[in-house]
Amino acid sequence: MAIDPRDFYTPKVLDAQLTGMIKTREPNTYSARLRIPMGILTADALEDVAAVARAHGRGEVYLTARMGIEIPGVQTEDFPALREDLAARGVALAGCGPRMRSTTACKGTVCPHGNLDVFELAWRIDQAHNDAAVLPHKFKVGVAGCASSCSKPQTNDVGFVGVSEPELDPGACVNCGICAEACHLAALRMEQGLPAIDPDLCVSCGDCTKACPVQALAPRRTGLDLYAGGRWGREKQVGMRLGAFLSEDEAVGAVGRIKAWYVAEGRTKERLGQTMLRLGPRACQEAALEGVPRGKWVELTAEAEERFRGFR
């Protein structure tokens with residue numbers, strides 16, 4: 001990955017995110033939420049966070065569900081000193097309230113199952129779209145490198161899953177059956193000495209191509225599936241798949257177009273998924289995939305729309 005985690009903390013980000021103070025139960029006491037894209041911190045940054053926690057908090061930190069860090073025990077009168085200390089160390093406060101959150105990602109960059117460099121894509125998305133803009137509600141983006149979805153991108157307002165479609169070279173196959181053993185969903189079986197894939201069961205995880213010892217199975221194409229409208233809380237929704245096999249450039253662009261559509265169409269305190277239910281998911285798909293080839297648009301069936309409805 002050709003990025004330096006120190007670059008995460010730019011002056012623009014510092015200016016934009018100085019609202020990350022979260023009220024706690026104790027009077028006049030807050031937790032400072034730090035901006036940690038993809039949950040990556042250098043050892044030096046960890047030492048800086050420890051020093052700030054000792055100086056301005058209770059000398060401890062909380063790890064959040066979105067791979068972030070909070071420093072508890074900050075008193076109101078200490079806000080200016082805390083912010084000055086963080087800025088001097090190149091660490092930013094995160095967005096809270098109706099703003100975009102830090103982009104999360106699985107470890108697909110280093111995980112053997114990953115189909116793309118998720119750290120680099122998540123960082124590109126965060127750089128391009130995580131700003132101080134006030135939105136109708138919170139706005140979360142998550143990236144996963146494969147269909148295992150370890151970072152749960154389908155529960156984010158916008159989520160991406162790295163996918164890989166296998167292609168067989170029958171002449172190279174040695175009938176070892178390793179590909180069938182690697183398939184977790186029984187979507188691939190050996191028939192007459194060759195792997196046969198059931199397209200209704202295959203989720204394009206790409207494990208069969210990675211397992212093949214002679215490269216008889218190889219990726220025909222790789223890309224990103226786009227999900228939108230996911231959320232978790234008092235009411236829940238699993239994001240609807242709107243696009244398939246997007247390029248990384250198309251994925252970064254889709255986040256910006258969805259965010260703009262949400263700003264234009266969303267009501268105050270309405271999450272993206274609720275806006276999609278009110279106006280219809282096709283309206284969001286039209287905005288998200290503007291300029292993307294039609295062959296990458298997922299058909300939105302009645303069954304998919306029924307599954308998209310919220311639940312408690």
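Trainee: What makes Trp232, Val238 and Phe311 a nonpolar patch on the surface?

Mentor: Nice place to begin, and keep in mind that this is a predicted model. A nonpolar patch needs residues with over 30% relative accessible area and no salt bridge, their side chains joined within 5 Å. Trp232, Val238 and Phe311 are grouped on that basis, so the three count as a patch, with about 300 Å² of accessible area together.

Trainee: Where does Trp232 sit?

Mentor: Trp232 is in the loop between β10 (217-228) and β11 (240-246).

Trainee: Going inside, which residues touch the most other members of the largest nonpolar core?

Mentor: That core has 43 residues, and the ones touching the most other members are Ile125, Phe139, Val158, Phe160, Leu226, Ile258 and Leu272. Helix α7 (residues 248-265) gives the most to this core, with 7 residues. There is also a second, separate core of 15 residues, with Ile36, Val52, Leu86 and Val91 among them.

Trainee: Why is Cys111 called partly exposed?

Mentor: Its relative accessible area is 30%. Buried requires under 20% and exposed requires over 50%, so Cys111 at 30% falls in between. Cys111 lies in the loop between β5 (104-105) and α4 (118-129).

Trainee: Is Gly177 buried or exposed, and how do you know?

Mentor: Gly177 has 13% relative accessibility. The limit for buried is under 20%, so Gly177 counts as buried. Its place is in the loop between β7 (158-168) and α5 (178-182). From Gly177 to Glu191 there are 14 residues in sequence and 10.0 Å in space, C-alpha to C-alpha.

Trainee: What about Thr209: buried or exposed?

Mentor: Thr209 has a relative accessible area of 11%, and that is under 20%, so Thr209 is buried. Thr209 lies in helix α6. Beyond residues up to four places away in sequence, Thr209 touches Ser164, Pro166, Leu217, Ala218 and Pro219.

Trainee: Why is Gln192 placed in its accessibility class?

Mentor: Gln192 has a relative accessible area of 85%, which is over 50%, so Gln192 is exposed.

Trainee: What is the phi of Ser204, and is Ser204 buried or exposed?

Mentor: Phi of Ser204 is near 60°, again a positive value in a residue other than glycine. Its relative accessible area is 14%, under the 20% limit, so Ser204 is buried. Ser204 is found in the loop between β9 and α6 (207-211).

Trainee: How do you know that β8 and β9 pair?

Mentor: Pairing takes at least two bridges. β8 and β9 are joined by 4 bridges, so they pair, and they run antiparallel. Within the pair, Arg189 stands opposite Ala196 in β9.

Trainee: What makes β1 and β3 edge strands?

Mentor: Their sheet is open, with 4 strands in the order β1-β2-β4-β3 and antiparallel pairing. β1 (21-23) and β3 (62-63) each pair on one side only. Further in, 5 bridges join β2 (residues 29-34) to β4 (residues 69-75), and Thr29 stands opposite Gln75 in β4.

Trainee: Which strands make up the open sheet with mixed pairing?

Mentor: It has 5 strands, in the order β5-β6-β7-β10-β11. β5 and β11 are the edges, as each pairs on one side only.

Trainee: How do you know that β5 pairs with β6?

Mentor: There are 2 bridges between β5 and β6 (residues 141-144). The requirement is at least two, so the strands pair, and they run parallel. The bridge partner of Ala105 in β6 is Val143.

Note on methods
Residues are numbered from 1 along each chain as its sequence is written. This is a predicted model: local features need pLDDT of at least 70, side-chain atom pairs count only at pLDDT 80 or more; totals for chains, interfaces and linings use all residues. Side-chain values use heavy atoms; hydrogens and water are left out. Buried means under 20% relative accessible area, exposed over 50%, partly exposed in between (1.4 Å probe, protein chains only). Patches are made of residues with over 30% relative accessible area and no salt bridge: like charges are joined within 9 Å, nonpolar side chains (Val, Leu, Ile, Met, Phe, Trp, Tyr) within 5 Å. Accessible areas come from the Shrake-Rupley method with a 1.4 Å probe; for residues, only the protein chains shown count as cover. A salt bridge is a side-chain nitrogen of Lys or Arg within 4 Å of a carboxyl oxygen of Asp or Glu. A nonpolar core is a set of buried Ala, Val, Leu, Ile, Met, Phe, Trp, Tyr and Cys residues joined through side-chain atoms within 4.5 Å. Contact means heavy atoms within 4.5 Å.
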